[in-house]
Each structure stands twice: as C-alpha cells, then as structure tokens.
Amino acid sequence: MLDGYHILTLTHRDAPLETIGKVVVPGDHAPGFLQALKNRFGWDELLYLATCNRITFLFYTQAPVNEAFAAGVLETLHPEMTASAIQDIATNMRLLHGADAVRHLFEVAGSLDSLVVGEREIIRQLREAYDRSHAWQLTGDHIRLLMRFTIETAKEIYSQTGIGEKALSVVALAFAAMQKNVASPNARILMVGAGQTNELYARFLAKYGYRNVTVFNRTLEKAEAVAEIVSGRALPLDALEYYSEGFDALVVCTGATQALVTPALYRSLLTGETSRKTVVDLSVPNNVDKRILDECSVQFIEIENLKSVANENLAHRERERIKAEVIIEQRIFAYRALWHERQVERALAHVPDEVRAVKERAVSEVFGKEFAQLDPATQELMLKMLGYMEKKCVAIPMKAAKTIALHVQKQKHNSHKEILSDGALKR
Ligand SMILES: NC(=O)c1ccc[n+]([C@@H]2O[C@H](COP(=O)([O-])OP(=O)(O)OC[C@H]3O[C@@H](n4cnc5c(N)ncnc54)[C@H](OP(=O)(O)O)[C@@H]3O)[C@@H](O)[C@H]2O)c1
C-alpha cells in the first residue's frame with residue numbers, strides 16, 4: 001500500500017531559508033549519517049533531497065511512524081545542535097504519509113511547491129538526489145518505482161500545462177524584450193559591466209547566436225571572462241568614451257550608484273547614427289542617465305518596466321497550477337495501480353522458476369523413462385509443447401493477480417469519488 005511512503009520536510013513555506021540551511025547534512029558525512037538515521041528508525045528505504053529552499057526525507061516503512069519523531073531525526077543528523085534549537089526546527093517540519101506524501105513529491109517535481117512556480121531545475125535536483133541516495137545504498141525498489149513515476153509526472157505537467165512557460169527572471173525578460181528589436185545575430189552589442197547579471201545576459205546572447213559583442217568593465221579580466229562566453233571582445237571601462245564603432249544595443253549593468261552612461265557619453269557612442277537603439281539597464285539605481293530619452297530614439301528596458309511583465313507571467317503560471325493539480329490527482333491513482341502491480345510481480349517472482357522446475361522434473365524424473373524411449377522428433381515436439389505450457393502457466397497467476405489488484409483499485413477510486421461528491425453536496 002502507498003501507506004508505506006512518508007515524507008518529513010522543511011521548506012520555504014515552513015521556515016526561513018537560513019533555518020533550512022542548518023538542517024542540511026554536511027556532504028562528507030551524509031552517507032554515514034543518513035545510514036544511521038535509516039537504522040535508528042528501521043526504515044526500509046530513504047531518499048534525501050536538499051536544495052536551497054527545501055530539505056526532504058522520503059522514506060519507506062510499514063512500521064508505524066510516530067508524529068513526534070522529527071526531533072529524533074535532527075538529533076541523529078546534527079548531534080551538535082542544542083535541544084532547544086532542535087525543538088524549534090522540529091515543530092516547523094511537516095510529516096506526510098501515504099498518498100499525501102506521494103502527492104507532495106509530485107508537487108515538488110512539478111514545481112508547484114517551488115519558490116518560483118514552474119522552475120524546472122527541481123527535476124535535475126531530484127534526479128541527482130536519487131542517484132546519490134541510490135549510490136549510498138539507501139534506496140530500494142519502492143523508492144526507485146516512485147522516483148521513476150515522479151519524473152514522468154513532472155514531464156507530463158511541464159508538457160501539458162503552461163506552468164513552466166513565460167520567463168520570470170529579469171535577465172530572461174530583458175533579453176526577450178531586446179530580441180524583439182535587435183534580432184540580427186550580427187547586431188552590434190555593447191555590454192557595460194561584467195558582474196553576475198551581465199554574465200547571465202552573455203549566456204543568453206551566446207545561446208541565440210549573437211556574434212558581435214564587446215564587453216567593457218572596470219576590471220579587464222572579468223570583461224575578458226564574460227567576452228569569452230560570447231566569443232566577443234573585452235575592453236577596459238575607460239575605453240568606452242573613445243569607442244567609435246557604433247552600436248545597436250547597449251546593455252548596462254554594474255554596481256555603480258550613479259549614471260555611468262551620461263547623455264554626453266551616449267551621444268559619443270552614437271557616432272552620429274540616428275536609428276532607433278535599444279538600451280538595457282538592469283542596474284539599481286539606473287546606470288544610464290534617462291535624459292537620453294528626451295534627446296534620442298531609444299527602446300529603454302529597465303527593471304521597473306519588466307516587473308509588470310514578470311507579475312503577469314507569474315499569474316499565468318499560477319493559473320496553470322490548477323491543470324497541474326488535476327494531472328497529479330490522476331497520476332496518484334495510476335501510481336497506486338502500478339505499485340500494486342509491482343507488488344504482485346514481486347510476490348509472484350518465484351513462479352517462473354517453480355514452473356520450469358516442474359517441467360524439468362517431468363522430463364527427467366517423473367516421465368524420464370518414457371521420455372527417453374521417444375524418438376528425437378517426438379522428444380523435440382514434446383519439449384516445444386511443454387515450453388509453451390510453461391509460458392502460459394506462468395502468465396495465468398500474474399494476469400489474475402493484476403486483474404484483482406486493478407479491480408480493488410477501481411473500487412477504492414469510485415468510493416473516493418463518492419465521498420468527494422457527498423462532501424460537495426453537503427457543502
Ligand atoms: N544579481 C541579480 O540577480 C541582479 C538582478 C537584477 C539587477 N541587479 C543589479 O545589477 C547590478 C549589478 O549586479 P551584479 O549582481 O551583476 O553585480 P556583481 O556581480 O557584484 O558585479 C558588479 C559589476 O559592477 C561593476 N562595478 C561595481 N561598481 C562599479 C563602479 N563604481 N563603477 C564601475 N563599475 C562598477 C563591477 O566591476 P568590477 O568587476 O571591476 O568589480 C562588476 O562588473 C546591481 O545594480 C544589482 O542591483 C542584480
């Protein structure tokens with residue numbers, strides 16, 4: 001039954017990220033600590049997932065799970081923590097059982113439970129968490145089956161809903177807005193600043209094949225590192241005022257707290273060109289003096305005007321959540337059936353060997369003498385017939401058991417639906 005699955009978790013919904021950081025099991029010690037945890041509570045299987053906004057222990061056991069055991073888990077993993085710190089954290093942890101645990105895992109994988117809804121990165125994190133836990137010999141057949149199904153569920157959610165559509169990051173939105181006006185890969189692009197934000201911007205430029213990029217930065221080595229991403233040129237920031245090759249898009253993002261691109265510098269960068277330019281300024285405060293808008297024809301992209309797009313896109317993803325939840329409910333039902341089928345397979349795993357042994361005993365012992373007296377052609381035919389019988393006999397109990405399991409599932413599903421509709425009627 002799915003009742004064997006449990007999840008103990010602490011996420012961004014339950015506690016500040018700093019607290020979550022305290023629960024992370026230190027990398028070097030993780031296999032030993034997690035094995036100790038599994039042994040202490042007698043769990044059959046365990047998967048440990050840690051991201052910047054969640055710690056999750058998915059475990060399988062048919063033994064009763066005590067609601068108050070979160071403190072024991074923390075004690076085992078963090079012997080250095082004081083009793084009061086453990087108590088504070090433990091009270092915020094959530095414990096989920098059976099179908100609720102499975103549902104939560106599907107929601108995590110489908111990024112419905114993420115800090116940013118629709119963030120697909122979680123699939124990779126889940127896969128890696130499984131590979132690690134498997135390599136540490138913490139997992140087994142129950143978690144393997146659930147993980148495979150969970151990844152498939154997440155893929156279904158991403159492909160059948162728009163939950164991961166429409167960018168939310170400032171850089172992605174700014175890049176998309178620039179691309180509308182500056183579509184040619186030969187467009188002349190100047191970047192000012194070589195920090196994290198512009199590095200990410202450069203990755204978008206490289207991904208979409210822009211090949212005429214010049215990066216200016218106070219520290220030349222950093223400009224070179226960012227320029228390398230786009231196979232571009234790197235120049236020191238001082239060179240900006242002497243630059244005379246014109247541009248189509250100017251992307252400015254530094255930590256300076258005053259305008260680096262003054263109207264005079266902007267005019268000099270124009271080198272007399274009058275065509276409409278695109279300026280992306282992601283700095284806070286702006287690094288481009290907005291007086292240029294009074295003088296020149298500019299598509300100006302800044303954080304302020306991207307915020308409303310980000311909010312609209314987030315609202316779109318939230319609307320798609322409803323579709324994802326419907327998929328999850330269907331998948332829980334399908335997983336129950338799959339899980340039962342798998343248990344039947346496991347329970348009947350010995351049947352093929354036993355049937356084969358019966359066949360072999362018939363030929364060599366029970367009817368050994370009679371069989372030996374047959375001519376080779378008849379012997380061959382007999383063996384073929386027995387082989388056929390063997391295959392069919394193995395399939396019969398498997399098929400019957402699967403039909404029974406499915407029937408039980410359907411009945412459960414129907415009574416669940418009835419309970420839901422009763423509830424709805426009463427309300
Ligand atoms: N990180 C984000 O997620 C994010 C998102 C949107 C907007 N922003 C804004 O983007 C700006 C840059 O953030 P970041 O995370 O990319 O910064 P970062 O990684 O710390 O890099 C800062 C960049 O600004 C340059 N810089 C700093 N002070 C300067 C000054 N006085 N004159 C000239 N150049 C200067 C640095 O040059 P050196 O290499 O020479 O030090 C470096 O290229 C900030 O205004 C930030 O608020 C950040």
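The report below walks through this predicted model, part by part.

## Domains

The domain assignment of the protein gives three stretches: domain 1 covers residues 2-164, domain 2 covers 170-309, and domain 3 covers 348-426. If you look for the C-alpha centres of domain 2 and domain 3, you will find them 69 Å apart.

## A strand between two partners

Next, turn to strand β3, which spans residues 54-60. Strand β1 (residues 5-11) pairs with β3 in the antiparallel sense, over 7 bridges. In this pairing, L8 is the residue opposite F57 of β3. Strand β2 (residues 45-51) also pairs with β3, again antiparallel and over 7 bridges. Here E45 stands opposite Y60 of β3. With 2 residues between them, β2 and β3 make a hairpin.

Is β3 buried or exposed? Of its 7 residues, 7 are buried, so the strand is largely enclosed by the rest of the structure. In a regular strand, side chains alternate between the two faces of the sheet. You can follow this along β3: R54, T56, L58 and Y60 point one way, while I55, F57 and F59 point the other way, and all of them are buried.

Leaving aside residues up to four places away in sequence, F57 touches I7, L8, L46, Y48 and V73. The largest nonpolar core contains 46 residues, and F57 is one of those with the most contacts inside it, together with L46, L47 and L105. Apart from this core lies another, made of 42 residues, among them L173, V230, A259 and V280.

## Around the ligand

Now look for the ligand. Which residues come nearest to it? Of the 19 residues around the ligand, the nearest are G195, R218, T219, T254 and G255. Helix α9 (residues 196-207) supplies the largest share of this shell, with 3 residues.

What kinds of residue make up the shell? They divide into 10 polar, 7 nonpolar and 2 charged residues.

The peptide bond from V284 to P285 is cis, with omega near 0 degrees. P285 belongs to the loop between β9 (277-281) and α12 (292-295).

Two other residues, neither of them glycine, have a positive phi: S111, with a value near 60 degrees, and K166, with a value near 65 degrees. S111 is in the loop between α5 (98-109) and α6 (121-135), whereas K166 is in the loop between α7 (141-160) and α8 (170-181). Inside 10 Å, S111 has 24 C-beta neighbours and therefore counts as buried. K166 has 19 C-beta neighbours inside 10 Å, so K166 counts as partly exposed. The step between these two classes lies at 20 such neighbours.

Key: Residues numbered from 1 in each chain as written. Predicted model: local features only at pLDDT ≥ 70, side-chain atom pairs only at ≥ 80, totals over all residues. Near = placed C-beta within 6 Å. Helix = DSSP H or I, 4+ residues; strand = E, 2+ residues; numbered from the N terminus. Nonpolar A, V, L, I, M, F, W, Y, C, P; charged D, E, K, R; others polar. Core = buried A, V, L, I, M, F, W, Y, C linked by C-beta atoms within 7 Å. Buried ≥ 20, exposed ≤ 12 C-beta atoms within 10 Å, placed from the backbone. Contact = placed C-beta atoms within 7 Å. Pairing = 2+ DSSP bridges. Domains from an automatic or database assignment.
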